[in-house]
Amino acid sequence: MKRVRSSLLILCLCLPGWVQAALTIEITQGVEGAVPIAVVPFGGSAGMPEDIAAIIAADLARSGRFEPLPERDLIGRPTDAGQVRFQDWRMLGSENLVIGNVETLGPDQYRIEFRLFDIFRGRQIAGYSLPASRDRLRYVAHKISDIIYEKLTGQPGAFATRIAYVISDTANGAKKYQLQLADSDGYNPRTLLTSEQPLMSPSWSPDGRRLAYVSFEKRRASIFVQDVVSGQRELLASFEGINGAPSWSPDGHSMALTLSRDGNPEIYSLNLSNKQLRRLTSGPAIDTEPVWSPDGRSIVFTSDRGGGPQLYRMSVQGGPAKRLTFEGSYNASADFAPDGKSLALVHGAGGNYRIAVLELDTGLLRLLSEGPLDESPSFAPNGSMIIFATESGRRGVLAAVSSDGRFRQRLSLSEGNVREPVWSPQE
Amino acid sequence: MKTLKLLAVALVIGWLSGCSSTGGKDGVSVEDRGTAAGAGSEGATSEGVSGYGDLSIEALNDPDSPLSQRVIYFAFDSSDIAEQDRALVAAHANFLAANPDVVVSLEGHTDERGAREYNIGLGDHRAQSVRRMLEVQGAAPAQISTVSYGEEKPAVEGHDESAWSMNRRVELVYVGY
């Protein structure tokens, strides 16, 4: 962790003593029928730098699927299986119970043990023991949340993931743009790049180790790829005109991007090992915002070839494209659901821009947000939530909505505008 | 050298001003032999436009010159140059044609609505519209570069049409002036 910080400092050309503000998450719409769960404070946690049980409870609450009992309602503080009296817990109406222990192994070294119980059946569903260094405590807590979520819902969790986003603010009359990375609960924000010129369009490599993004630091658009651990970066594209909309292929070998070097915004595929470019679109229209289908066979993109911006799908080799969206005057900025069956997108109609999901087999469009200026949707790697950028109190904030639209939360900074969130892949 | 070039440019412009002050609507072709300072053997070609006679470098900083207007505005999701802005673009084209050493950067912008990368494409289309019109009217391709900032650099902060209409624009940035 120390190593990360020092390499990041090299990249931050900025501001001595810059304090990184964390994203604050606020649940704005709960779900009726979230499943009650009891998460008991872990034994041995006195004096610990992190409260493991509190992190787990907050994760489960943020998913919208669970409703952790308030700590004051917990009727006991069992820390091992022998102390659990199921009949007592049944009275609380909680279906599941999480208990655990933290053992301090040495300086900054811990072992975390937890157990998940089905209260009504009176049996253990899961029990694991995980080692953790001090700087990995939050990560291990999120991993435990992932295990609990998967055991109880049948779907993988997405708590031990990260979000990259762009912040802009004005300090002493000068604009400042930052590319940041934070845990999916908003903690541990780290700045990857600071610039006086716009930064945009972060895109994760499939292994979650690198980010591609667009930087105007040379007073023109360039695409860079940056290693998020070492901070080292590589200039990938800096042609005349647009260098934008980078999107990694699922196998990590290619990148789709938008260039206007031939005079018009077109989509290209760049082979990352031999740097060969292949042009995939042609014609006078704006073709941009390519995203790969999870099976790696097709690319969905935005084009105004039909008059206004709409989504189209083509083969990764280019060729004819099929129009996917017909409802509304404006559909753009697609992101594939991890199962490839639906797309999140920006849907504009009547001057209102909202996040919607398009079911690809039926063509059904479901609106998930209220607008009026929502943009940049990005699926969680388990498909459960979509994070996007919106406005609140005249500032740019992030919001997340469950993919069924029933559960919502807002992620905001104490100052500055935050936008273009992209959820990392599963690690 | 720069002074010499400016002198040559000023000489040509002096003549141009004379021509256009006659108010002729026909295109006026100007050949700069370039003997004074070798300002270019190709010479400059310009179509005279009535009323835009003063094409000196100084005109860039003259608030009464049309060249002081360096922003062209657009309708939502459109890259068409409005009828009323065509004379303005023509004035800049004439200026560039008369001053072949001057280069301009066309910065395309959009309002904040919709998708960011699509807006980069739209800003590019707007800049290309202005580029085409400048070139048709005599500016050389090498004098023009374009960059699209999409919605990333609004001229006016705000979330309503009054701000948006000021942000859908192409800015002509004369490099070095």
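**Notebook: helices, a sheet and a chain contact**

I began with two helices: helix 2 of chain A and helix 4 of chain A are oblique to each other. The model I am looking at is a predicted one.

I looked up the numbers for that pair. Helix 2 (residues 52-62) of chain A packs against helix 4 (residues 137-153) of chain A at an angle of about 50 degrees, and their axes are 9 Å apart. I also noted that the crossing of helix 2 and helix 4 of chain A is right-handed.

Next, who meets whom? From helix 2 of chain A I listed Ile52(A), Ile55(A), Ile56(A), Asp59(A) and Leu60(A). Among their partners in helix 4 of chain A are Leu137(A), Ala141(A), Ile144(A) and Ile148(A). The contact residues of these two helices split into 8 nonpolar, 2 polar and 2 charged.

Then I turned to a sheet. I found an open one of 4 strands in chain A, ordered 22-23-24-25, with antiparallel pairing. Strand 22 and strand 25 (365-367) of chain A are at the edges with a single partner strand each, so one side of each has no neighbour in the sheet. The twist averages 30 degrees from one strand to the next.

I checked one pairing in there: 3 bridges join strand 24 (residues 352-359) of chain A to strand 25 of chain A. Ala356(A) sits opposite Leu367(A) in strand 25 of chain A.

Last, I looked at where the chains touch. Chain A brings 29 residues to the contact and chain B brings 20 residues. Strand 22 of chain A gives the most to chain A's side, with 3 residues. I sorted that side of chain A into 12 nonpolar, 11 polar and 6 charged residues.

Technical notes: Residues are numbered from 1 along each chain as its sequence is written. Chains are lettered from A and ligands numbered from 1 in the order in which they are written. This is a predicted model: local features need pLDDT of at least 70, side-chain atom pairs count only at pLDDT 80 or more; totals for chains, interfaces and linings use all residues. Two residues are in contact if their C-beta atoms, placed from the backbone, lie within 7 Å. Ala, Val, Leu, Ile, Met, Phe, Trp, Tyr, Cys and Pro count as nonpolar, Asp, Glu, Lys and Arg as charged, and the others, Gly among them, as polar. Two strands pair if DSSP finds at least two bridges between them. Axes are lines fitted to C-alpha atoms, for helices over the stretch in contact, and angles run from 0 to 180 degrees between N-to-C directions. Angles under 35 degrees count as roughly parallel, over 145 as roughly antiparallel, 65 to 115 as roughly perpendicular and the rest as oblique. A crossing is left-handed if the near helix is turned anticlockwise from the far one by less than a right angle, and right-handed if clockwise.
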